[in-house]
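Subject: Structure handover

Hi,

Here is the structure for your files. Please open it alongside this note.

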Amino acid sequence: MISALFTGVYEALYGLGLSEIAVSVIFFLIGFVLLIKGGDWFVDGSVGLAHRFHLPELLIGATIVSIGTTLPEVMVSSQAAASGNAGISYGNAIGSIICNTSLIAALTIAIKPSAVNKKSLVFPVAAFFIAAILYSGFAITTGRFSRWNGIFFLLLFVAYMVITVIQMKKNPEAVEVEPEEEEKKPSPLWKDLLLLIVGAVSIAIGANFLVDHGTVIATSLGVPESVVGLTMVALGTSLPELITAVTSLIKGHSSLSLGNIIGANFFNIVLVSGAAITISPFSIPAERTLFGVNSSLVVDIPVMLAVMAIMCLPALKKGKLSRWQGVTLLLIYVAFTAYQFFS
């Protein structure tokens, strides 16, 4: 129904005699609005659920919000796998984790460091590193991912969700709520769920519009396709996490933002890659080498693990995020991006 609606809009705009680039500009702006409002609705719905069931925002961010913001990657990787291009998900998984951590999370940490709930942080962080080490181990030791590897990662996703729900039921301690918030009447459950669903759909559609029509605009202006792929497409897949993180920060829910990043990184491995590998197993891409070794194994994977360690380990020890972490991560992202362009 949504597809038919936008198809009708396309036809109406072309019927007015607008050029392709003019139509793309309109849909690019529509995509931006959908992303902004979708992030707003999604965060409101998530926070509403957290307060309704007295759950830590970080856990909500690491589950429901993370799944919602990872939906575009799941759809893109699954479609690529079905088309015989499942190897793309390998770069997407590692690249998205590095971007989410050393760009998106880093910006929020550098702008507004905050305290974190150490108890709520332990399980999502442990789950990520277990999945990341297993993923890296398969890549380094076998050089490929089999369908059984994909099924294994999908089972890890299911186990994570089950354990998280059990944890929430066993430890229903309330999050700290401001006095004025305690007096507020909770919004209806249907409204929180509706905000989550509409927000997730809006984010997915908005990201798709920005990528597709941003590419049309760029190529119409003579920007090389390779540059478009490294900028518009890469940015598009991380826009949901970016919009959610910024919206959460503005609304004063930094724990939700951190939980979303950690959860999204975990889901990039077990859900996004797991689905793509299950659909179409693939070998590790080896287009570039460093000192005779596949550069992905000696650069990309170590950077992925390092940026997550820099963000999470000090937070687990001290119970807070510091500005130096954000600045360090941003510097790493700049260096990593420079390496990708100039190596």
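Below are the notes on a helix pair, the cysteines and one aspartate.

This is a predicted model, in which local features need pLDDT of at least 70, side-chain atom pairs count only at pLDDT 80 or more, and totals for chains, interfaces and linings use all residues. Numbering starts from 1 along each chain as its sequence is written, and side-chain values use heavy atoms, with hydrogens and water left out.

The helix pair. Helices are DSSP runs (H or I, at least four residues), numbered from the N terminus. H5 spans residues 118–142 and H11 spans residues 295–318. They pack at an angle of about 165 degrees, with axes 11 Å apart. Axes are lines fitted to C-alpha atoms over the stretch in contact, and angles run from 0 to 180 degrees between N-to-C directions. H5 is therefore roughly antiparallel to H11 (an angle over 145 degrees). Contact means heavy atoms within 4.5 Å. On the H5 side, the contact residues include Phe128, Phe129 and Ser136. On the H11 side, they include Met304, Met308 and Cys312.

The cysteines. The disulfide count is zero, taking a disulfide as a pair of cysteine sulfur atoms within 2.5 Å. Cysteine 99 is buried, at 11% relative accessible area. Cysteine 312 is buried too, at 1%. Buried means under 20%, exposed over 50%, and partly exposed in between (1.4 Å probe, protein chains only).

The aspartate. Aspartate 44 sits in helix H2, residues 20–52. Aspartate 44 is partly exposed, at 31% relative accessibility. Its C-alpha atom is 10.0 Å from that of leucine 193, which lies 149 residues away along the chain.

Best wishes

How values were computed. Helices (H or I, at least four residues) and strands (E, at least two) are DSSP runs, numbered from the N terminus. Angles under 35 degrees count as roughly parallel, over 145 as roughly antiparallel, 65 to 115 as roughly perpendicular and the rest as oblique.
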